[in-house]
Amino acid sequence: MLRYIIKRVLIAIPVLLGVSLVAFFLVQASGDPMSFYVSNPNITSEDLIRLEKTYGFDQPKSVQYLYWLRNTLKGDWGQSFLTHQNVLTMINERLGNTLILMFTSLIVTLIISLVLGVYTATHQYSPADYVVTGFSFFGYAMPTFWFGLMLIIVFAVKTKEAGLPYLPAAGMYNIRGGHTFGQLLLHLILPVTVLSLSSVARYTRYLRSSMLEVISQDYIRTARAKGLSERVILWRHAFKNAAIPLVTLIMLDIPSMFSGALITEQVFAWPGMGRMYWEHANWVDYPVLMGIILLVSV
């Protein structure tokens, strides 16, 4: 086992190097990071030349990448061109917020998906099965940004105008309410609903398909012939094997928990990694962008 782990770690090293190399040149090609300073009327052409030399923009792209790689391996992820803060410090400030949002969404998604997936598999072609299937197609097709805006209009704007209890539409806490757990839960409802919609649709379909395949196997018929209860057969025997593809899918989704939900965080002004990536991508702030990409890649 130890030998296998060491082998996988060694394979990961060139993979991470390849990802960082491709990502660096793609980020560099997406725009000019000096455009942020060019738009500032207080900065002269002499200042621009000095800044280019300070940040190493006067060097070839390959040399810039080697400088970035050397500093990163030393633990120096650079400073943001916009805020002049340390990249690691910025990531630490936002990562916790993103993990709260994504982990809550994952828990909600798993609870709903397990119930719907198992139920529809055991009630194949029933009215409930057709309803859940239609819901799954709806969840697949619904654009995230549009659905988020609709939720804000209905549950934050219209309900407030009607004098009804309404949900907060932006941020993590109320400015006047303080940083309380109750405030955090209220602010989580809308973004978690948006994030869970497509994931529930995806996980439910995977689990339903896997359960249908498993419950038709010989060992399930043997368990029934032995007189075991249907609940024991489903959850102790069938579900364990049917959940293997779902667990694989969840493992593949783990990097998104660290990168955040770019569109959802932007729509709901959630101060997480996705929103930070969006803000700094607009100005090609590549130290921040590369820091986030490197974290997700690892």
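This is a predicted model: local features need pLDDT of at least 70, side-chain atom pairs count only at pLDDT 80 or more; totals for chains, interfaces and linings use all residues.
## About the model

Local features need pLDDT of at least 70 and side-chain atom pairs count only at pLDDT 80 or more, while totals for chains, interfaces and linings use all residues. Residues are numbered from 1 along each chain as its sequence is written, and side-chain values use heavy atoms, with hydrogens and water left out.

## Helices α5 and α10

Let's start with α5 (residues 87-122) and α10 (residues 230-259), which pack at an angle of about 155° with axes 11 Å apart. That makes the two roughly antiparallel (angles over 145 degrees). Helices here are DSSP runs of H or I, at least four residues long, and axes are lines fitted to C-alpha atoms over the stretch in contact, with angles from 0 to 180 degrees between N-to-C directions.

The contact (heavy atoms within 4.5 Å) includes Leu-95, Met-102 and Phe-103 of α5 and Trp-235, Phe-239 and Ile-250 of α10. Its residues divide into 15 nonpolar, 4 polar and no charged.

## Thr-159 in helix α7

Thr-159 lies in α7 (residues 144-161) and is buried, at 15% relative accessible area (buried is under 20%, exposed over 50%, partly exposed in between, with a 1.4 Å probe and protein chains only). The Thr-159 side chain reaches the backbone oxygen of Phe-155 at 2.8 Å. Thr-159 also touches residues including Leu-164 and Tyr-166.

## Two loop residues with positive phi

Most residues other than glycine have a negative phi. His-84, in the loop between α4 (61-73) and α5, has a positive phi of about 60° and is partly exposed at 45%.

Ala-269 sits in the loop between α11 (262-267) and α12 (273-281). Ala-269 has a positive phi of about 50° and is partly exposed at 21%.

Note on methods: Angles under 35 degrees count as roughly parallel, over 145 as roughly antiparallel, 65 to 115 as roughly perpendicular and the rest as oblique. Ala, Val, Leu, Ile, Met, Phe, Trp, Tyr, Cys and Pro count as nonpolar, Asp, Glu, Lys and Arg as charged, and the others, Gly among them, as polar. A polar contact is a pair of N or O atoms within 3.5 Å; within protein, one must be able to donate a hydrogen and the other to accept it, and residues adjacent in sequence count only if both atoms are side-chain atoms. Lists of a residue's contacts leave out its neighbours within four places in sequence.
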